[in-house]
Amino acid sequence: MALTRTLRSGAWRVVELITTPLVPADYLDAVVPLRNPDVLRAKIVGVHAETAHSVTLTLRPGRGWRPYTPGQYVRLGVDVDGVRLWRSYSVTSAPRRDDRFTVTVNEIPGGAVSTHLVRRARTGMILHLDVPAGEFTLPAVAPEKTLFVTAGSGITPVMGMLRSRGHELADVVVVHSARTRADVVFGDDLRALAAQGRIRLVERHTGTDGRIKPADLDELVPDLFERDVWACGPNELLDDLEEHWAQSGARSRLRTERFRPTVMADGAGGGDLTFTLAGKTVPAGGGEPLLVAGEAAGVLMPSGCRMGICFKCVLPLREGAVRDLRDGTLTVAEPGDAIPIQTCINAAAGPCRIEL
């Protein structure tokens, strides 16, 4: 037995020498891309168009995957024109025994990843994947009365909750807005749930009805502040809701999920952004995150939630100044410094150098 193990080990080393600079595992990953637990990937096994500009992808994750809680999101790594870009998408399906799950992608004008997936995703395509994250979830004990307020793709985490635990929710109101009836993601599903009496659905079509405001909710949902609320959508909507609930003394009952950080800086400034290890310098506007500026120039950068929460995009600022896009805070580094900054929510405030 010991001799057999020695022969196998020796043979494997010979194969490694033959395949250098790659190792046999690299070739196995190419043939069986879901086998490696240290490099999590997923295969697209289903593609379903939800609207003219949105698509639901059914994914089969590889080894290293772990169960998710409905309402959480996953990061997908997608190779677009030779550059791997990471974006976060909410899981929209109920947990399954075979670990398959779905994400639903809304095409964003100018969005490299969303456009790529909506227009080019095909069964068999391999995506890079990260484990589930996020706290926009239902509590272990379901609330007696629930309100979901969503707009656009904000319905995606809520659909995951409804599909998974809708049977536990006794009194549910869903207020959802989209530009037109045809633009409502999961429109047929939501209307079916309403027809079955499982939810009370309020659809708002902003193309004709205008954007929904907190005052509208006061009329649409008279017992508004008696409900536990989950809201997801554009920052402007969430800002209004948070202010309204705070003024009413019910802020603790409102939970919000933001897909993008709230940007407060005026966009002034900007400058050349230099990547010290890559030896590359690119222009960076004062109103765009360093992460976006780098990716636009083809620099592969670490990222996560892209809104200042997960800290997976942190890199050392070696020199120069950056400004926090959320509150305008200025961070300055002198030569020799290595100040950690989040590239997803900081913009150049003059020439700056980061270590990458």
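**View 1. The charged end of R75 sits over the ring of W86**. Here the charged end is 4.5 Å from the centre of the W86 ring. "Over" has a set meaning: NZ of Lys or CZ of Arg is within 6 Å of the ring centre and within 35 degrees of the ring normal. Keep in mind that this is a predicted model, where local features need pLDDT of at least 70, side-chain atom pairs count only at pLDDT 80 or more, and totals for chains, interfaces and linings use all residues. Residues are numbered from 1 along each chain as its sequence is written, and side-chain values use heavy atoms, with hydrogens and water left out.

**View 2. W65 and F101 make a stacked aromatic pair**. Rings of Phe, Tyr and Trp (its six-membered ring) pair if their centres lie within 6.5 Å; planes under 30 degrees apart are stacked, over 60 edge-to-face, and the rest tilted. By this rule there are 4 aromatic pairs. For W65 and F101, the centres are 4.6 Å apart, with 0° between the planes. W65 is in the loop between β2 (54-61) and β3 (73-80), while F101 belongs to strand β5 (residues 101-106), 36 residues apart. Strands here are DSSP runs (E, at least two residues), numbered from the N terminus. Both W65 and F101 are buried, meaning under 20% relative accessible area (1.4 Å probe, protein chains only).

**View 3. F148 and W230 form a tilted pair**. Why tilted? The ring centres are 6.0 Å apart and the planes sit at 45°, so the pair gets that label. F148 is in strand β7 (residues 145-151) and W230 in strand β10 (residues 228-232), so the pair ties together parts 82 residues apart in sequence. Both F148 and W230 are buried.

**View 4. R255 has its charged end over the ring of W230**. The distance to the ring centre is 4.2 Å.

Key
Helix = DSSP H or I, 4+ residues; strand = E, 2+ residues; numbered from the N terminus. Buried < 20%, exposed > 50% of the residue type's maximum accessible area, 1.4 Å probe, protein only.
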